[in-house]
2 protein chains.
Amino acid sequence: MTTHKKAEAKRAFLIEQATACLAEKGYAHVSLRDIAKESGVSLGILHYYFASKEELLLAVISSYKGRFMEELEREVLAAPSGKWSAALARVLCRSLHEDRKLHRLWYDLQVQAMYVPAFGEQVKVIRSRLHQLISRMLVRLQREEQSTLTIDENSAISLIYSAIDGFLFQFLLDELQKPEDAIAHFEQAFAHLMHALFSSESLSPESR
Amino acid sequence: MTTHKKAEAKRAFLIEQATACLAEKGYAHVSLRDIAKESGVSLGILHYYFASKEELLLAVISSYKGRFMEELEREVLAAPSGKWSAALARVLCRSLHEDRKLHRLWYDLQVQAMYVPAFGEQVKVIRSRLHQLISRMLVRLQREEQSTLTIDENSAISLIYSAIDGFLFQFLLDELQKPEDAIAHFEQAFAHLMHALFSSESLSPESR
DNA sequence: CCTCTTTTTGGACGACTGTCCAGTTTTTCT
DNA sequence: AGAAAAACTGGACAGTCGTCCAAAAAGAGG
């Protein structure tokens, strides 16, 4: 069984290297030869561990996005009741600073998922997991503040999710052109966003 | 000069055909041969009218996005004072219904712009034009309602833009999986978004 | 030591890519 | 009409791509 473990470790290693390559050059411009060269292995190895390029990419998505979501869930769900948005801001800020290119890759793959059905499935799974995270926070918020939403919960979740996701997307686009001060304003701007979302009549509790 | 006009007309025709091809297959999977075949011309023609594939793609972006933004500006700026968000919703709903694949292409090219600097310039121009549209509406809103924003204008514009853009992006992703009822809920959901944005304390006028 | 399995290699294969150009056709102008 | 310019063709070119495989290397168990 030690051999089996070793094989899985190598598989994980290749996924990690492929992730780095993909994050650097993007889906449209990366090749298996790039990944093999960067990993210090021969081309054939990739087909030995992954049936096809598509399978490798799917493994990449679930690997790195899984790690990110675990951190997100851990940090955000552990935050004190009312201020989970602050915890969210902290995690996102750190992640955007350190793993900027991975976030770029995430949007790249989301777009590819609109063209390639196989990616669509994977993206769908991840998005619904993120929706669930928001849902849990929303439920907790209502319980602890003894309040209810004025619109149905699914609408609220979609709204919050799309606002946050769109905000990150715009941040990445901005940061591309002026890398220096974009991250500086991020936390403050994100606070504005959360405030705008939750101080509105639609989303905030009925009884304040 | 009639020859010059004819050449420009053909150029426009090729751009239009290329747009259709690109919208169908996406940036990563389209080739010049696809476009040539779909246009009913030979491969060499494309290099006769466009120096490179990149130049063709840039022409595609500014062409179709320019058309869309003209409609947007015309309809939204002509809307009665307070209810420009309704006009915006109407235009977006129609556009999402008819030109769904063009919107998908827009996100595709935005992502590519994060990797290819030449695209970045073009995307930047378009985004700033859309920002200006929001800015104009915001200024008009303040003047006609005799109010001021509680946060600086640029932050407000970025916030509104990213929220709307993120909303459209999520819509496209949703619609990919259940094409039937996604568009049905769009207008209502969009109304919720606008309400959430402008009934908040941050963005709404100080004096109601 | 030998044998069997797992792992790894480097190259071959056909298909595809953007670019380029020597010709051919069509149009335009005198 | 003929000549010059513009428009157009189809294929050649040099790459790159994902895939596949025969054979070599490494490891494991006896």
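Predicted model: local features only at pLDDT ≥ 70, side-chain atom pairs only at ≥ 80, totals over all residues.
Residues count from 1 along each chain as its sequence is written, and chains are lettered from A in the order in which they are written. I get 80% helix and 0% strand over residues 8-68 of chain A, with the end C-alpha atoms 21 Å apart (helices are DSSP runs of H or I, at least four residues; strands are E, at least two).

**DNA strand D.** I looked up what is near the strand (C-beta, placed from the backbone, within 6 Å). Of 18 residues, Ser31(A), Gly44(A), Ser52(A), Ser42(B) and Gly44(B) come nearest. H2 (32-39) and H3 (43-49) of chain A, plus H1 (2-25) and H3 (43-49) of chain B, each supply at least two residues. I sorted this surface into seven nonpolar, seven polar and four charged residues; Gly counts as polar.

**Chain A against chain B.** Each chain puts 41 residues into the contact (C-beta atoms, placed from the backbone, within 7 Å). On the chain A side, H8(A) gives the most, with 15 residues. I count 20 nonpolar, 16 polar and five charged on that side.

**Core.** Leu193(A) and Leu193(B) touch the most other members of the largest nonpolar core, which has 99 residues (buried nonpolar residues, Pro left out, joined through C-beta atoms within 7 Å; buried means 20 or more other C-beta atoms within 10 Å). H8(A) gives the most here too, with 11 residues. Skipping residues up to four places away in sequence, I find Leu193(A) touching Ala163(A), Phe167(A) and Leu159(B).

Note on methods
Contact = placed C-beta atoms within 7 Å. Buried ≥ 20, exposed ≤ 12 C-beta atoms within 10 Å, placed from the backbone.
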